[in-house]
Each structure stands twice: as structure tokens, then as C-alpha cells.
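We'll take the whole chain to begin with, then stop at a handful of residues.

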Amino acid sequence: LGLTLAATDSAAAARWFESAALQGQGAAAYQLGLLQSDPRRAVEWFSMASAMGHFGAQFKLGDAYLNGRGTAKEPGWGAMWLERAARAGHAKSQLALGLAMASGVTGSGHKAEALAWMLVAQSHGAEGVAPVISALQARVPAATIAIAEQRAQAWTAEPFSDAPGDRASLRFSQHALSRLGFDTGFADGISGERTQSAIAAFRAANGLGAGGCDGKLLDRLREKLSGYSG
């Protein structure tokens, strides 16, 4: 009887969460993701919640794409979702983004930024950060450590934005474009002349018409990367 009641309660909760999620409640979509036994269904609900600005869901979605949990493995796309949550102040995402950057997921040359995110995560109470920070500090020059500390001290939370062209999606675009042979220079999420030229060249080569870092560009970049082994 107890198991039957538990199953009934769980089903009722799922129906309530689904109704709330379909009305735009990101927290409900997130809870639905947590309830799923099928990781593919979890990704679907985490995607919905992430688009609504739920930082816990963005962390889960980023992790799913980084590691191929319930979806194809897309490390760059996963790092983008982690960065969105990290910039808004989500400590777990800050640590995960730092680890991803340190491993080269977002391109080379991000050791200072990786360490900065770890330091910010530590200041926000993320668990298990100290040994990771020490390990990275042991592998980088003192100048890199100093830059990271300055960035961490200057860090401030940013409002969530899922609009194409935000810094996280622009960094993903820069990384993807460079991998596909359209040189953007350093993938820093800041639009410069080289980035704009690379975007224009890629759009022209793929029949996307004029524009910048929009949804069409992101979709086509993901499509191209999925078949790219270089």
C-alpha cells in the first residue's frame, strides 16, 4: 500500500509540475527534469527550464552536453550553458566552467579565466574547490595567478540573458568557427573585427544571409560541429 501511495503521489506531483512548467514556471520544469529516469527526457525538461533562466537547470544542461548524458556530447555547447549560469552567480556552474576551461573545452589559453572562475566559486561556497585551485595554481605562472585573482576580485553578477549574442553564446561561436576553419582569434566572448569577419564568412558560405550571432548561426554551427572530427 505504501508503494502504491508513493507512486500515486509521484504521478500527481509530476502532473502538477508539468502543468506549471507549460505555463512558464522554470522551477517546475527543473523539478520535472530531476524526476526523470530517462536522461533524454531529463535533458528536454532541463532545456525548457534553462531557457526560462533557471540556473540549476542550466548547470544540469551544461553537464549533460559536456559529458553526453542523455544527449549527444557537445562540450562547447555545454560550456555555454554553464557560463550563462556562472555569470549570474551560480557557484556550481562557476566551478564546472572553470574546470571546463582548464581542460581546454572552450579553446586554449583560458587558464587565467579558469582559475578566476574557480576563485569566484570558492567565494560563493562551492564545495571541493580548494584542491582544484591548488592543482591549477601549481601548473601556471605567477603572473597568471595574479591576473586570475584580480579578475575574481572584480567579478560581479550579471543578469541572465539567453539572447544570441550574449558573451557565452559568442564565445561558443568563436570556438566553433575557429574549429571549422574561420579564424576568430581568441575565444573570449567579445565581438571584434576578426570575429565579425569570421561570422560573415561562415554565414555567406552556409547561405544564412546577413546577420550576426543569432539563432540561425548557433544552430548551423552545432550542426557542422556534430559532423566535424578535426
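Buried residues make up 43% of the 230 residues in this protein, where buried means under 20% relative accessible area, exposed means over 50%, and partly exposed is in between (1.4 Å probe, protein chains only). Keep in mind that this is a predicted model: local features need pLDDT of at least 70, side-chain atom pairs count only at pLDDT 80 or more, and totals for chains, interfaces and linings use all residues. Residues are numbered from 1 along each chain as its sequence is written, and side-chain values use heavy atoms, with hydrogens and water left out.

**The whole chain**

What is the protein built from? There are 12 helices and zero strands, taken as DSSP runs numbered from the N terminus (H or I, at least four residues, for helices; E, at least two, for strands). The radius of gyration is 19 Å, close to the 17 Å that the globule rule gives for 230 residues, so the protein is as compact as a globular protein of that length. That radius is taken over C-alpha atoms, and the rule is 2.2 Å times the number of residues to the power 0.38. Along the principal axes, the C-alpha atoms fill a box of roughly 65 × 45 × 30 Å.

Now for contacts, meaning heavy atoms within 4.5 Å. Of those between residues at least 6 apart in sequence, 51% join residues at least 24 apart.

**A few residues up close**

Here are some residues with their accessibility.

| Residue | Relative accessible area | State |
|---|---|---|
| A20 | 11% | buried |
| E113 | 11% | buried |
| N206 | 15% | buried |
| G89 | 28% | partly exposed |
| S197 | 44% | partly exposed |

The contact lists below skip neighbours up to four places away in sequence.

Start with A20, which sits in helix 1 (residues 2-22). A20 touches Q25 and A28. Its C-alpha is 29 Å from that of D214, 194 residues away in sequence.

G89 is in the loop between helix 5 (75-88) and helix 6 (91-103), where G89 touches Q94, H124 and W155. From G89 to A79 is 10 residues in sequence and 15 Å in space, C-alpha to C-alpha.

Which residues does E113 contact? E113, in helix 7 (residues 111-123), is in contact with R87, M101, R151 and R171.

S197 lies in helix 11.

Finally, N206 is found in the loop between helix 11 (193-205) and helix 12 (215-226). N206 touches R220 and K224. The side chains of N206 and K224 are also joined by a polar contact of 3.4 Å. Such a contact is a pair of N or O atoms within 3.5 Å; within protein, one must be able to donate a hydrogen and the other to accept it, and residues adjacent in sequence count only if both atoms are side-chain atoms.
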